[in-house]
Amino acid sequence: MNGVGAAETQFHVLAVDDSIIDRKLIERLLKTSSYQVTVVDSGVKALEFLGVEVNLIITDYSMPAITGYDLLRKIKKSTSLRNIPVVIMSSENVPSRINSCLEHGAEEFFLKPVQQSDVNKLRPHLMRGKNSNPTFHDERESHDQLNINKRKPVEECLSPDRIRTRFNDDLELLQ
Amino acid sequence: MLGLSLDQLRADMNRLLALLFHQGVLDEQFLQLQQLQDESSPNFVSEVVNIYFHESEKLLRNLRALLVDKEFSDYKKMGIHLNQFMGSSSSIGAQRVRNVCIAFRAACEQNNRAGCLRALELLEYEYCYLKNKLHELFQIEQQRILAGAVRYPVPQQHPNNPQV
């Protein structure tokens, strides 16, 4: 499978969630997008798994032991893992939490329940990650591609269309 | 006659779904689940819902066990169970159950035991109603599949497994 050609290789996504229902959901959503999917139930297991090549990590925020935020920080501090795009999911719309994740390197922040339209947003991050990986292109190409892979400036990351907000729902709950 | 049954069953199912949406028992997320079901994953909705039933009943037992204890004080633990219940209900589109969880959580945050007990009663009621209705839905779906299988000549179906 390796070295045969980028077009033939599926993207491999690692999903992390302590909720069994959400694991089933995210797995199905990712499979309908034709991604190869590995699902684990904790940040610890995710870190154990990450030696195997993974093109994107999508993780729940609120988990016991290691939170999704902790996992994000660990990944971004690791020389071998930091280039893997990370996406955070959360059932709670907490702006400070969202900002914090984006500032520390998360590509996207999805509000649960995650939907097909959210999963469709993963592809550009996967494409970018693949282009920067030297095993898929020769060294010259990957060097040219590297400039495109620089993290977007913070303002762009906080743009509203990255976050599927549901303020109306939240306002109803306050009554 | 079989043709009529099929249409009638489809109408029954749509009517029940419409009712459940109208009552706010289910929300848009349930439709998302249905959209994820196809030939490659033909039982997706019932699989997810059955996991939900299993998880929910465990959580309800835990909540009741916590609250009936006269010495009860672990509101934090109760909050954790509630967050779990809220999350899974939200994920399958169980809107009314989720809303009761939110009210329950508010009582929990106020350390209001009486309020929590009332909320638990309501939660058990709403969950029961949801479960009954979803079972009804799955029953109609099963009948529809059977009626549909019989309608078409056998050679067009896989001999061992008509599309289920």
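A salt bridge, as I use the term here, is a side-chain nitrogen of Lys or Arg within 4 Å of a carboxyl oxygen of Asp or Glu.

**Ground rules**

I am working on a predicted model, so I noted its limits: local features need pLDDT of at least 70, side-chain atom pairs count only at pLDDT 80 or more, and totals for chains, interfaces and linings use all residues. Residues are numbered from 1 along each chain as its sequence is written, chains are lettered from A and ligands numbered from 1 in the order in which they are written, and side-chain values use heavy atoms, with hydrogens and water left out.

**Entry: where the chains meet**

I went to the interface first. I found E47(B) and K24(A) joined by a salt bridge, with N and O 3.0 Å apart. The count between chain A and chain B is 2 salt bridges. On contacts (heavy atoms within 4.5 Å), I see 14 residues of chain A touching 22 residues of chain B. About 1500 Å² is buried between the two chains, and carbon and sulfur atoms give 65% of that. Buried area here is the accessible area (1.4 Å probe) that two parts lose on being put together, summed over both. Which residues of chain A lose the most area to chain B? I21(A), K24(A) and R28(A) do, together 41% of what that side buries.

**Entry: chain A in outline**

I counted 9 helices and 5 strands in chain A. These are DSSP runs (helices H or I, at least four residues; strands E, at least two), numbered from the N terminus. Along the sequence I read the pattern β-α-β-α-β-α-β-α-β-α-α-α-α-α. Chain A has 175 residues, 47% of them buried. For the record, buried means under 20% relative accessible area, exposed over 50%, and partly exposed in between (1.4 Å probe, protein chains only). Among the contacts in chain A with a separation of 6 or more, 64% are between residues 24 or more positions apart.

I looked up D60(A) in UniProt: an unreviewed entry lists D60(A) for "modified residue: 4-aspartylphosphate". I keep in mind that UniProt positions are in the numbering used here, feature names are shortened, and annotations may be inferred rather than shown by experiment. In the model, D60(A) lies in strand β3, residues 56-60 of chain A. Is D60(A) buried or exposed? Its relative accessibility is 5%, so D60(A) counts as buried. Setting aside residues up to four places away in sequence, I find D60(A) touching V16(A), D17(A), D18(A), G68(A), M89(A), S90(A) and K112(A).

K112(A) forms a salt bridge with D17(A), with the closest N and O atoms 2.8 Å apart. The two come from distant parts of the chain, 95 residues apart: K112(A) from the loop between β5 (106-111) and α5 (116-119), D17(A) from the loop between β1 (12-16) and α1 (20-32). K112(A) is buried at a relative accessible area of 7%, and D17(A) is buried at 1%.

R128(A) and E107(A) form a salt bridge through their side chains, at 3.1 Å from N to O. This pair also links distant parts of the chain, with R128(A) in helix α6 (residues 123-132) and E107(A) in strand β5, 21 residues apart. Both R128(A) and E107(A) are buried.

In chain B I noted R10(B) and D7(B), whose side chains meet at 3.6 Å, N to O. They are 3 residues apart in helix α1 (residues 2-22) of chain B, so about one helical turn separates them. R10(B) is partly exposed at a relative accessible area of 36%, and D7(B) is partly exposed at 43%. Back in chain A, salt bridges that share partners join D17(A), D22(A), D60(A) and K112(A) into one network. Over all chains the count is 19 salt bridges.

**Entry: S89(B)**

S89(B) sits in helix α4 (residues 75-92) of chain B. At 0% relative accessibility, S89(B) is buried. Leaving out residues up to four places away in sequence, S89(B) touches Y52(B), A94(B), V97(B) and R98(B).
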